[in-house]
Amino acid sequence: MSTSKPRIAIVGYGSQGRAHALNLRDSGFDVTIGLRPGGPTEIKARADGFAVKTPAEAVKGAELVAVLTPDMVQPQLYGEVIEPNIAPGACLLFAHGFNVHYEQINPRDDLDVVLVAPKGPGALVRREYEIGRGVPSVYAIHQDRSGNAEALALAYCGGIGGARQNAIKTTFKEETETDLFGEQAVLCGGATKLVQAGWETLVEAGYQPEVAYYECLHELKLIVDLFYEGGITRMHEFISETAQYGALTRGSYVIDDNAKAQMKKVLEEIQDGTFARQWIAEYAAGNANYKAMKQGDLDHPIEAVGKKLRANMKWLANAPQPQAAARPAAQPEEAAA
Ligand code: NAD
Ligand code: MG
């Protein structure tokens with residue numbers, strides 16, 4: 001097989017799948033998409049000009065199989081479709097270590113098993129590639145039977161543009177635990193709750209919801225851009241002395257020792273498997289709690305205020321769109337279909 005340009009099958013054409021497929025093709029790889037006939041993203045993959053086969057057929061012809069379906073459908077997909085069809089000695093690639101690390105998938109012994117995880121959503125993986133940049137990626141090796149596993153992971157990482165940044169070598173364990181922690185405590189969970197609580201505090205005190213939206217949500221991007229470009233140092237270079245003094249004396253009112261202790265609890269539940277067991281059970285039971293809690297975020301009054309204000313921000317028409325038609329809520333029936 002070719003280590004520099006393995007023949008690739010990508011199973012799943014959602015956020016990551018579409019971005020990887022388009023970038024790899026533009027980088028000169030032979031890419032086939034594996035999707036259930038009539039599934040929600042099949043039309044999109046065909047419209048993008050890809051050869052679309054059933055997952056089983058796509059897997060059969062590949063030297064490298066990238067598993068880019070939702071994490072919760074991967075164990076059944078692996079057992080029923082991938083393992084019976086993947087060629088001896090082929091390479092199995094994941095974009096998140098969850099199922100291997102928590103032993104929901106135990107890959108066949110003859111396979112190379114690698115991880116290439118871009119540290120950003122699929123739409124950005126594509127957009128950054130198109131403008132000649134890349135989303136930082138990490139990679140890891142779980143099984144190296146061919147002796148080429150690392151070269152294959154790096155070839156794939158290069159093909160999606162992730163090696164334009166410093167690709168960092170990690171392990172399945174480190175990627176899984178840090179990825180879950182980041183999204184729960186800081187990026188998705190922590191940031192959402194911080195914004196909502198700040199907005200509620202101002203609105204409950206009688207301030208205009210629109211003004212509170214600008215202060216607590218919209219301006220967050222301007223601060224995060226400074227973090228991205230030059231860390232917290234750069235933020236301090238750009239904000240006023242008054243903002244600096246306020247931040248330095250009041251930030252720890254909010255993120256205090258208790259908040260840090262709670263972060264430690266989040267991490268412990270990831271490390272000891274509590275979170276994984278809970279999420280797997282929730283998914284298996286039909287996601288009722290997940291859907292209800294998500295609806296709570298969608299119905300939060302800050303969303304209506306933001307929608308109205310963003311209608312005047314014409315430039316947002318160019319913002320990347322979510323890729324997966326199937327995105328609104330993970331459906332257990334997806335796995336069965
Ligand atoms: P997604 O929900 O956006 O897309 C899933 C795709 O899989 C869709 O094309 C769907 O139709 C298809 N699919 C669902 N069930 C299937 C089945 N049984 N057989 C075949 N196809 C099926 O998924 P995603 O968010 O891109 O996540 C894919 C992987 O990438 C996950 O391991 C995730 O942890 C990882 N990841 C995601 C992100 C992100 O930003 N979304 C970032 C890094 C890593
Ligand atoms: Mg993640």
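Which residues do ring pairs link into a cluster? They are Trp 279, Tyr 283 and Tyr 290. Before going further, here are the ground rules. This is a predicted model, in which local features need pLDDT of at least 70, side-chain atom pairs count only at pLDDT 80 or more, and totals for chains, interfaces and linings use all residues. Residues are numbered from 1 along each chain as its sequence is written, chains are lettered from A and ligands numbered from 1 in the order in which they are written, and side-chain values use heavy atoms, with hydrogens and water left out.

Start with the overall layout. The protein chain is assigned domain 1 (8–170) and domain 2 (187–255 + 287–318). Such bounds come from an automatic or database domain assignment. Between the C-alpha centres of domain 1 and domain 2 there are 34 Å.

Now take the strands. Helices (H or I, at least four residues) and strands (E, at least two) are DSSP runs, numbered from the N terminus. Two strands pair if DSSP finds at least two bridges between them. Strands β1 and β4 run parallel and are joined by 4 bridges. Ile 8 has Leu 64 in β4 as its bridge partner. Another 4 bridges join β4 to β5, again in parallel. Here Val 67 has Phe 94 in β5 as its bridge partner. Strand β5 (residues 91–94) then pairs with β6 in the parallel sense, over 4 bridges. Phe 94 stands opposite Leu 115 in β6. On to β7 (residues 137–143): 6 bridges join this strand to β6, and the two run antiparallel. Pro 118 stands opposite Ser 137 in β7.

How are the side chains of these strands placed? In a regular strand the side chains alternate between the two faces of the sheet. In β4 (residues 64–67), Leu 64 and Ala 66 point one way, Val 65 and Val 67 the other way, and all are buried. Buried means under 20% relative accessible area, exposed over 50%, and partly exposed in between (1.4 Å probe, protein chains only). In β6, Asp 112, Val 114, Val 116 and Pro 118 point one way, while Val 113, Leu 115 and Ala 117 point the other way; all are buried. Strand β6 (residues 112–118) is largely enclosed by the rest of the structure, because 7 of its 7 residues are buried.

Helix α6 (residues 122–130) contains Ala 123. Is Ala 123 buried or exposed? Its relative accessibility is 17%, so Ala 123 counts as buried. The C-alpha atoms of Ala 123 and Pro 320 are 6.0 Å apart, although 197 residues separate them along the chain.

Next, the aromatic rings. A pair of aromatic rings is described by the distance of the centres and the angle of the planes. Rings of Phe, Tyr and Trp (its six-membered ring) pair if their centres lie within 6.5 Å; planes under 30 degrees apart count as stacked, over 60 as edge-to-face and the rest as tilted. The count comes to 5 aromatic pairs. One of them joins Tyr 13 and Phe 50: the centres are 5.9 Å apart and the planes at 70°, so the pair is edge-to-face. Tyr 13 lies in the loop between β1 (8–11) and α1 (15–26), and Phe 50 in the loop between α2 (42–47) and β3 (51–53), so the pair ties together parts 37 residues apart in sequence. Tyr 13 is buried at 1% relative accessibility, and Phe 50 is buried at 7%.

Trp 279 is in helix α13 (residues 274–284) and Tyr 290 in helix α14 (residues 288–299), 11 residues apart. Trp 279 is partly exposed at 22%, and Tyr 290 is partly exposed at 26%.

Charges also sit over rings. That requires NZ of Lys or CZ of Arg within 6 Å of the ring centre and within 35 degrees of the ring normal. Arg 25 lies over the face of Phe 50, at 4.1 Å from the ring centre. Lys 5 lies over the face of Phe 29, at 5.4 Å.
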